[in-house]
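Q: I've got a structure open and I'd like to learn how to read its salt bridges. Can you walk me through them?

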Amino acid sequence: MTRYSGLIGFATKSTETAPGVWTEGITERKMTGDILDARLSQSIAESVNPSLTINNRVSVIGDRFSFENYSSIRYAEYLGQKWAVTSIQVLRPRLILQLGGPWNE
């Protein structure tokens, strides 16, 4: 099993940047764990550029902060890039993160 070590982005604060426009503030935490699945897929639909998706599942060891704020996890850094977290499974003491497409800030 491959080990994981990277930054996990939590949306912990929102600020109103203009009337009716809210921007999420991100808090990054360094977390470690394991890569459970490593899959890559490309979707060639009705677009010029194919959309790249990784279907990796990452199991990270949670701490108090991560269990209190797991619903605000937005992305996980993997292979030098930030990937959107599409689902989270809580299996104490671990959080299982399903990764999807690239995270656009």
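Q: How many salt bridges does a search of the whole structure find?
A: The general idea is to look for a side-chain nitrogen of Lys or Arg within 4 Å of a carboxyl oxygen of Asp or Glu. In this predicted model, searching the whole structure turns up nine salt bridges.

Q: Which residue meets Glu-24 in a salt bridge?
A: That's Arg-74, with 3.0 Å from N to O. The pair ties together distant parts of the chain: Glu-24 sits in strand β2 (residues 21-37) and Arg-74 in strand β6 (residues 73-78), 50 residues apart.

Q: Is Glu-24 buried, partly exposed or exposed?
A: Here you need the cut-offs: under 20% relative accessible area is buried, over 50% is exposed, and in between is partly exposed. Glu-24 has 37%, so it's partly exposed. Arg-74, at 24%, is partly exposed too.

Q: Where are the partners Arg-94 and Asp-34 in the chain?
A: Arg-94 is in strand β8 (residues 94-102) and Asp-34 is in strand β2, 60 residues apart. Their side chains meet in a salt bridge at 3.4 Å, N to O. Arg-94 is partly exposed at 24% relative accessibility, whereas Asp-34 counts as buried at 11%.

Q: What about Asp-37 and Arg-39?
A: Their side chains also form a salt bridge, at 3.3 Å from N to O. Asp-37 is partly exposed, at 23%, and Arg-39 is partly exposed as well, at 48%.

Q: Which residues do shared partners join into one network?
A: Arg-3, Asp-34 and Arg-94 are joined that way, through salt bridges that share partners.

Methods
Residues numbered from 1 in each chain as written. Predicted model: local features only at pLDDT ≥ 70, side-chain atom pairs only at ≥ 80, totals over all residues. Heavy atoms only, no water. Helix = DSSP H or I, 4+ residues; strand = E, 2+ residues; numbered from the N terminus. Buried < 20%, exposed > 50% of the residue type's maximum accessible area, 1.4 Å probe, protein only.
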